[in-house]
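Please look through the structure shown below, after which a few questions are put to it and worked through in turn.

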Amino acid sequence: MSFHSSLPFAAMTATLLSSSSFGALMAGDVAIVGFQASGVPTDSVSFVTFVDLAPGTVLYFTDNGWTGTAFRGVTATDGDGNENLMRFTVVNTIVAGTIIGSRTSSADYAWALSGLVGAGTSAYAQLSLSSTGEQVTILESTNSSNPIFSGFTALYNFDNTSAYETATTSATGSLAPGLVQGTSAVLLTSAANSALFNLNTLTSGTQAEWLAAIGNAANWTTGTGTADAGSGFINVVPAPGAIALLGCAGMVGSRRRRSAR
């Protein structure tokens, strides 16, 4: 699978209004848009960012389900839990609208798919995804030595099991704290090898409009494919209130320039 688009003026304007770029991210600032189990050579996921990601930003991806109190199997001495954990680090600014796959590479970011998680004995690894039911959660964390044990903020969840439930197996899981179905999570009604959000659902949209579209299972296509989850770009435009705010800021700047003469 692959995603294709271009970088229009509206998207460049949106990057100027991405307030989360230089601080902690919030639920819905990123979203999963592609899922590939039984992949060749490995499984993969893809995600889109709705805000500029500043250099040094770190995201974590896990396929451990949420039990209601923790990610299944994650303990003070087991950082990857019963399943797997990936780390994504931003090297150069990534603009809003960018779609990135977990098997893609770039000078702008780095995937950690091996090496120890902090000082523990667990290791980072590409997610091992099931075609019969899976959950994937994106997180940010202040705890670099055990990131999904404590100090984390859940940002988005993908689930293709038709329902949320307490995580007791690799195919079960509920929503981590702060996530809401339809705006910071998508629940698909059937498991499959692949699941891909239809980018043609919108030609462009605000963050809220895209999140609503991605959170609607009717806008996804599932199948038996084994291709990579892919990468690309979508057009993210500022919300009307943000446009007005930008206009006010421009007027203030203009007045200051005039008064300085």
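Predicted model: local features only at pLDDT ≥ 70, side-chain atom pairs only at ≥ 80, totals over all residues.

Q: Which side chain of opposite charge is nearest to Asp-43, and how far away is it?
A: Asp-43 is buried, yet has no salt bridge. A salt bridge would require a side-chain nitrogen of Lys or Arg within 4 Å of a carboxyl oxygen. The nearest side chain of opposite charge lies 8.7 Å away, and it belongs to Arg-103.

Q: Which residue's backbone nitrogen does the side chain of Asp-43 reach at 2.6 Å?
A: The surroundings of Asp-43 include contacts with Ser-128 and Leu-129, among other residues. A polar atom of the Asp-43 side chain also lies 2.9 Å from the backbone nitrogen of Gly-39. The backbone nitrogen reached at 2.6 Å is that of Leu-129.

Q: Why is one side of strand 11 and of strand 12 left without a neighbour in the sheet?
A: The open sheet has 6 strands in the order 11-10-1-2-5-12, with antiparallel pairing. Strand 11 (220–223) and strand 12 (232–233) stand at the edges, so one side of each lacks a neighbour in the sheet, each having a single partner strand.

Q: Which residue in strand 12 does Thr-98 stand opposite?
A: Strand 5, residues 98–101, pairs with strand 12 in the antiparallel sense over 2 bridges. Within strand 12, the residue opposite Thr-98 is Phe-233.

Terms used: Residues numbered from 1 in each chain as written. Heavy atoms only, no water. Buried < 20%, exposed > 50% of the residue type's maximum accessible area, 1.4 Å probe, protein only. Lys, Arg positive; Asp, Glu negative; His and termini not counted. Polar contact = N/O pair within 3.5 Å; in protein donor to acceptor, adjacent residues only side chain to side chain. Contact = heavy atoms within 4.5 Å. Pairing = 2+ DSSP bridges. Helix = DSSP H or I, 4+ residues; strand = E, 2+ residues; numbered from the N terminus. Lists of a residue's contacts leave out its neighbours within four places in sequence.
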